[in-house]
Amino acid sequence: MGQHESSPGTLAERTVESLAKYITNGKPKKIVVMTGAGISTSAGIPDFRSPDTGLYANLARLNLPYAEAVFDISYFRQNPEPFYTLAHELYPGKFRPTITHSFIRLLHEKGLLLMHFTQNIDCLDREAGVPGDKIVEAHGSFARQSCIDCSRPYPQDELKRHVDAKSIPRCDHCKGLVKPEIVFFGEQLPAEFFKNKWLPSQADLCIVMGTSLTVHPFASLPSMVREHRPRLLINKERVGGIGSGPDDVLLLGDCDAGVRKLAAACGWLDELEKLWAKTAPSAAAEFKRRQEELWDKDEALEDEIDKLTKEVDETLNLSKWHEERVRNEKLPRECSGVARATAKALEPNLSRLYEDKIRNGSSPRESSDGANPGEAPRGRHEDAGGNLDHVFVSKNRDVASSDTPVVQQHTEGKRKDES
Ligand SMILES: [Zn+2]
C-alpha cells in the first residue's frame, strides 16, 4: 500500500464505532485475522524468549550452548532433551484460551472468518474452538508431530505420553527422533503458509492483534490487503505501518480489552463472554493441573537439592583431605576454608539446609585461632583448585545470550513503514 489520503474511503470514520457499523451492516464476509504472542500472554504462556523467565533458568541447567539452540534442528538431532523440557512446560492443555481467542471463534461462528494466520505455537485458538482448517500456523505448532528422518506422522496421544513423562519419543518405523511440527531454525515454513498467504488480498476486513510484525514473511501479510478494505490493529503499539491507510483503525493497548471494546461496539459482548466462559476448565481439571504443577516444582527442587548435596559432599571431602594434609604436611591453612565458602555462596535457603553439615566438617583448629566457624571468608577465595564455578551453576552460567528473539532468525529484512 502506498501513501493514502487522510479521509477514510470505506468507513465513515476511522473509529471502532464506525468499524463496528461496517461489520454489523453485513459488509464484510471475509475477515482475515493475524496474531502473535501478545494474544496469549494473558493466558500465562511463559515468554520463552525472555531470559528472565523461570523457563530459561530451567534450560540453563541443561547445558545449552546458547538459548536458541533449543529450537535449532541440528542441535535437536544431537540433544533433544532441552526441547522436550520446554515442551513439558508449554504443551497444550495447561493454559486456558484468552477472550481474544474466543473472539476469533465468534467470527467463525458468524461465518465471517476467512482465515486466522498466527505466529503462535500454543494451539489456544484450536482450544477455543476455531477449526483447524481456518488456521494457518505460520511457525508450526504442537498440533501435529512427525519423525525428523522419514517424516512419518506420529500419534498425538503417544507424544503427549512422552511429554508428560519427560521422555524422548522415537519413530516406530525408523527410530528417528520425533518432533512436534514447530518450525525450527534451519527449517522451512509450513506448506500451508505458502498455500494460503495470498488470502489477505481477498479479505474485506483485516484484524491484526498482539504482534510486533517484525518477523517475515508473516509481517508482510497485512500489506496484501487491498486498498479501501479496512484494517484494524489491536496492539500495545502501532506496528507495520497500520494506521496510515485511509480505512485503518487503531485500538492501542491490551488485546483482551481491545477485543471487548470491539465486541461491545458490535453488540456481541454477552455472546463473546458466554463463548469464552465455555473455555474455563472444570474444577476437577483445574485441581489436577495444580497438583501436577506442584509435583513438577517438587521434582525440580529435589533435583536441585540432590545436585547441591553432591557438590557440597565433594567439596567437604576435598576439605577433609586438605585438613589431613595441613595436619600432616603443614600446607597453607587457607586451603581448608573451601567448604564454608561454598556454603555461604549457595542460595540462602539452600545454604541453611547445609549449615550444620558444613560446621561439622570444618576444622576445629580454625575456630580456636579466631575465625568464626559460621562465617565464610569474604572476597575472593584462595581456592587453588579453581573458583568454585561448579557450585554456582545457576548464577555463573551465561543464562543464554538471548539478545536475539528466537523467531527473529526468520527475519529477512526490516519492515518498511507505509507512511
Ligand atoms: Zn521415521
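Predicted model: local features only at pLDDT ≥ 70, side-chain atom pairs only at ≥ 80, totals over all residues.
Biologist: OK. What share of the chain is buried?

Modeller: Of its 419 residues, 35% are buried. A residue is buried if 20 or more other C-beta atoms lie within 10 Å of its own, exposed if 12 or fewer, and partly exposed in between, with C-beta atoms placed from the backbone.

Biologist: And what share of the contacts join residues at least 24 apart?

Modeller: Take the contacts in the chain between residues at least 6 apart in sequence: 67% join residues at least 24 apart. Two residues are in contact if their C-beta atoms, placed from the backbone, lie within 7 Å.

Biologist: Which ones are they?

Modeller: The buried residues of α5 are Ile99, Thr100, His101, Ser102, Phe103, Ile104, Arg105, Leu106, Leu107 and His108.

Biologist: What covers them?

Modeller: The cover includes strands β1 (31-35), β2 (113-118) and β6 (205-209), along with helices α6 (124-127), α9 and α10 (269-277).

Biologist: Tell me about α9. At what angle do α5 and α9 cross?

Modeller: Their axes cross at roughly 40° and come within 8 Å. Axes are lines fitted to C-alpha atoms, for helices over the stretch in contact, and angles run from 0 to 180 degrees between N-to-C directions.

Biologist: Which residues meet there?

Modeller: On the α5 side you have Ile99, Thr100 and Phe103. They meet Cys255, Asp256, Val259, Arg260 and Ala263 in α9.

Biologist: What follows α5?

Modeller: Gly111 follows α5, and its phi is positive, near 75°.

Biologist: Now helix α1. How does that one cross α9?

Modeller: The axes of α1 (residues 16-24) and α9 (residues 255-266) come within 8 Å, with a crossing angle of roughly 55°. From α1, the contact uses Val16, Glu17, Ala20, Ile23 and Thr24. From α9, Lys261, Leu262, Ala265 and Cys266 take part.

Biologist: Which residues of α1 are buried?

Modeller: Leu19, Tyr22 and Ile23 are buried in α1. Looking down the axis of α1, you see these buried residues fall within an arc of 100°, so they line one face of the helix. The arc is that of the directions from the helix axis to the C-beta atoms.

Biologist: Why would a helix have faces at all?

Modeller: With 3.6 residues a turn in an α-helix, residues three or four places apart point the same way.

Biologist: What covers the buried part of α1?

Modeller: That cover includes β7 (231-235), β8 (248-252) and α9. After α1 comes Gly26, which has a positive phi near 80°.

Biologist: Switching to strands. Where is Asp248, and is it buried or exposed?

Modeller: Asp248 lies in strand β8. It's buried, because 25 other C-beta atoms sit within 10 Å. Leaving out neighbours within four places in sequence, Asp248 contacts Arg14, Arg231, Ile242 and Gly243. Its C-alpha atom is 7.8 Å from that of Leu233, 15 residues apart along the chain.

Biologist: And Ile182, buried or exposed?

Modeller: Ile182, in strand β5, is buried, with 21 other C-beta atoms within 10 Å. Not counting residues up to four places away in sequence, Ile182 touches Ile121, His139, Gly140, Ser141 and Phe142. The C-alpha atoms of Ile182 and Phe142 are 6.5 Å apart, although 40 residues separate them along the chain.

Biologist: What's the phi of Ser151 and of Lys175?

Modeller: Ser151 isn't a glycine, yet its phi is positive, about 65°. You'll find Ser151 in the loop between β4 (140-147) and α7 (156-165), and it's exposed, with 10 other C-beta atoms within 10 Å. Lys175, also not a glycine, has a positive phi of about 70°. Lys175 is in the loop between α7 and β5 (178-182) and counts as exposed, with 11 C-beta neighbours inside 10 Å.

Methods: Residues numbered from 1 in each chain as written. Helix = DSSP H or I, 4+ residues; strand = E, 2+ residues; numbered from the N terminus.
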